[in-house]
Amino acid sequence: MDYYYEYEDLDNSKDNDINSEEDYEYSGYLTAESLKDICFACAVPSTIQIGRYIIVVLSCSLMYHLLRSSLENAWPSKESLHHLSSMVCGFLALYLSLSYDWLIVLLLCLLAYTLILVISYYQSPYEGMGVAIFTIVVQLACEYFMTHVEWQKVRGVQMVAAMKTISFAFDFGSKETGERSTAKLPDLLSYLGYIFCPTTCMLGPWMPYSIYNQKQRISLKDSRWLLWILTNVTLAVVSLNLSNCFIPWLRSDDLLWVRLYLDAFAVRCSHYFISFLSQATVVIGGVPSQKPDYFLGYKITQPLNIEFPRSLHSLVRFWNIPMHQWLKKYIFRKLQIAYGSYFISLLFTYVISALLHGFHTKVHLVLLSLAGFTYIENNLRSTLAHVYDSCLEVNDCNKTCVYKHCPRRKRWSSDALLVRFINFMFSNLAILNLAYLGVMMSESMMSKSAYAIQARSDREQQVSGAVALTRSDSANNYRIWGPKVLCSMLPEDFLECNKPIDHKDNKTAKEEKGYGCLKFGGLNYEDVEHTKVLCTVFSDIDCHGPRTFLRDGVPCIRYSEHYFLTTLLYSLLLGFLGMDRFCLGQTGTAVGKLLTLGGVGVWWVVDIILLLTNRLTPEDGSNWNPYV
C-alpha cells in the first residue's frame, strides 16, 4: 500500500530557524489515508493495470467465439477447423499474457497425450488413473525444479490443463465397470483445442470435453450476454480493489478478530476476482449453460453462500462449482467404487486436490483441515437430524423434506425457531472456520505485513536522510518542502549512469574501490548482486546538491547477443545436432551432443526442458537479451 507524508506547514511557523529541532518534527511520518486517497492512489492504478489483462483475455475469447461461429456456418462438418481456431486463439492469449513461459505447459500436455496414446494402444483399464498419476507427478517435478517466480506464472494454467487432461483420459478410457469406452479417442488437434481453449485455459473453469465440443453455443444476438459480461467484469474489478486496497485500509491492528476476518475476506475477494473474470470469459466465449443466472450467466462461484454458509460442506461446494464437480466425478466416485469407504474417499479426494495445488504447505493444511471438519460436521448433523427428526443436515431442506420439524412447513412454531437457531449456530461456526482457514490460506499475509513495515521503515529512513541532509546543508538553505528536488533522488530518466564495474571475483579490488560486481547475472532476484554506480545529472535539469554522485541498488546484469527465442528454435529444430549449445557458447558439451545425435534423442528433450525452465543459460553468465 502506498503511504503519503504530511509535513508541517513550516512556512507559517513562528520560528523558521533552519537549525531548530522543532522545524524538522513531522506530524507523523505515516498518516491514515482518506477514502479519496485510497481511490486515487490504489484503486484507480490497480484498475488500469488489470485492465490490459482483462482486455487481452476477453478479446481472445470473443475472437474465438466469432471465428468458431463463422467456421461452423461455413463448414459445419470440418471439426478440425473448430479445434484449430480454439488452439490458435488460446496460444495467442497465453503469449500475450505470459510471453514464452507457457510453452512448458504445452510440452507437458504433449507428453500426457503421448501417454494416453500408449495406454490406449495396449487397451489398459487403468488409463485414467495412470494419466492422473503421471500428470500430478510431472507437475510437482516441474514446480520443484523451476524457480518460484517462473512456476507462479504458469501454475494456474497448468492446473487447469491437468484437470482437463485427467478428465479427458477418464472420459475416453475405461468406464466405471472396468470396460473400455466405445468412444473414439480424439486426435492431437482436438485435444490441444480442448486444453488451450481461450475461454478456459487462462483462468478456468474446468469443463468436460463434451461441453467444449458442443455446437450449440450462446448467440451474440442474445442481448443477455452483454449484461452478463458487464456485470461479471464490474464485480471482478470491485473484488480486486476490495482485496488490494479497501480491506487493508479498513484493517485495524487493535481488534484481533476483526483483523483476522478482514484478512480472510481479502483472500476470498481475490478468489471472487478470478471467478467473476472467468465467468466473463466463459460467457463471451459462448459456452452454453443449462441454468444460466439472470445477471451473471455461467456461475462458477456463489459468494453469498460462501460468506453466509449453511455448512462447511456447502462452502466447499460453492467455492468453485466446476472444480467440485470434477473432484466428485473423477476422484471421489472412482475412489468410492474402489474402496467403498466414505471417509477414505473423502480424504484422498482432498489429498489429490492439495497435490494439484503443488508444494503449498498452507493450502495442504487448509484442505486437509477441511476434510476433517466436513467429515465430522456431516456425521454430527446427520445424527442430530435423525435423532431429533429435524432439518439439521449440512444441505438445506427442499420442498419434499421428510423430517417432522422443518422450518419450511412451520415457519414460526417453537420447534421451527429452535431448528433455525441451531442451523444459525452451525452457520456461525462455519464462518469462524472460514476466517481461520482464510488466514492460513493467506500466504502473503505475513509477507505483506513485513513488506508494509519495511516500506514504512524505508520511507522513514528516506525522510530522515533528507532531514539530516537539510540540517547539515544549512549554508545552501535547502528545504525539503521547497520546489527543488535532491539530485540524488531524481529518477533514472534524468541521469546518465556508468555501467557496473566488473571485478571478476576479485574481492580485494572491490574492497579498495568500495563498489562494483564480483559476478554478473542470476536466476532469482536474490541471486543477483547489487552495487553502486557513478551517475551525473543532465545539464538541463535543475536540482539541489552534488550533480555527480553514487547511486546504490543497481543490479549486476549485462546482456549479450543471446536471444531466448532464437535459442529455443535452434533447440527444437536442430537440438539433436547441438546447435542450441553452440549458440550459448558451450562448445564442449555441444560437440558431445553432436556426436551422439542428442544422446539418441534423450539429451535433445532434456535440453528443451532445461531451456524452458531457465536452467540452460549462456556460458558467459549474461542474461537473455530482452529487446526482441
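# Close-up views of disulfides, a helix and a surface patch

**View 1. The disulfide of Cys-42 and Cys-245 is left-handed, because the torsion about its S-S bond is about -80°.** This pair joins distant parts of the chain, 203 residues apart, with Cys-42 in helix α1 (residues 35-74) and Cys-245 in helix α8 (residues 224-250). The model is predicted, so local features need pLDDT of at least 70 and side-chain atom pairs count only at pLDDT 80 or more, while totals for chains, interfaces and linings use all residues. Residues are numbered from 1 along each chain as its sequence is written, and side-chain values use heavy atoms, with hydrogens and water left out. The sulfur atoms of Cys-42 and Cys-245 lie 2.0 Å apart; a disulfide is a pair of cysteine sulfur atoms within 2.5 Å. Both Cys-42 and Cys-245 are buried (buried: under 20% relative accessible area; exposed: over 50%; partly exposed: in between; 1.4 Å probe, protein chains only). The structure holds 4 disulfides.

**View 2. Cys-497 and Cys-535 are linked by a disulfide, S to S 2.0 Å.** The link of Cys-497 and Cys-535 is right-handed, with 110° about the S-S bond. Cys-497 is in strand β1 (residues 495-497) and Cys-535 in strand β2 (residues 530-537), so the pair ties together parts 38 residues apart in sequence. Helices (H or I, at least four residues) and strands (E, at least two) are DSSP runs, numbered from the N terminus. Cys-497 counts as partly exposed at 34% relative accessibility, whereas Cys-535, at 0%, counts as buried.

**View 3. A disulfide connects Cys-517 and Cys-556, S to S 2.0 Å.** Its torsion about the S-S bond is about -80°, so the disulfide of Cys-517 and Cys-556 is left-handed. Cys-517 lies in the loop between α17 (507-513) and β2, and Cys-556 in the loop between β3 (548-555) and α18 (564-574), so parts 39 residues apart in sequence are tied together. Cys-517 and Cys-556 are both buried.

**View 4. Helix α11 (residues 312-319) has Leu-312, Ser-314, Leu-315 and Phe-318 buried.** These residues cover an arc of only 160° around the axis, which puts them on the same side of α11. The arc is taken over the directions from the helix axis to the C-beta atoms.

**View 5. A nonpolar surface patch consists of Tyr-339, Phe-343, Ile-344, Leu-347, Phe-348, Val-351 and Leu-368, with about 600 Å² of accessible area together.** Patch residues have over 30% relative accessible area and no salt bridge; like charges are joined within 9 Å, nonpolar side chains (Val, Leu, Ile, Met, Phe, Trp, Tyr) within 5 Å. A salt bridge is a side-chain nitrogen of Lys or Arg within 4 Å of a carboxyl oxygen of Asp or Glu. Accessible areas come from the Shrake-Rupley method with a 1.4 Å probe; for residues, only the protein chains shown count as cover. Helix α13 (residues 342-356) gives the largest share of the patch, 5 residues. Leu-368 is in helix α14 (residues 361-388) and is partly exposed, with a relative accessible area of 39%.
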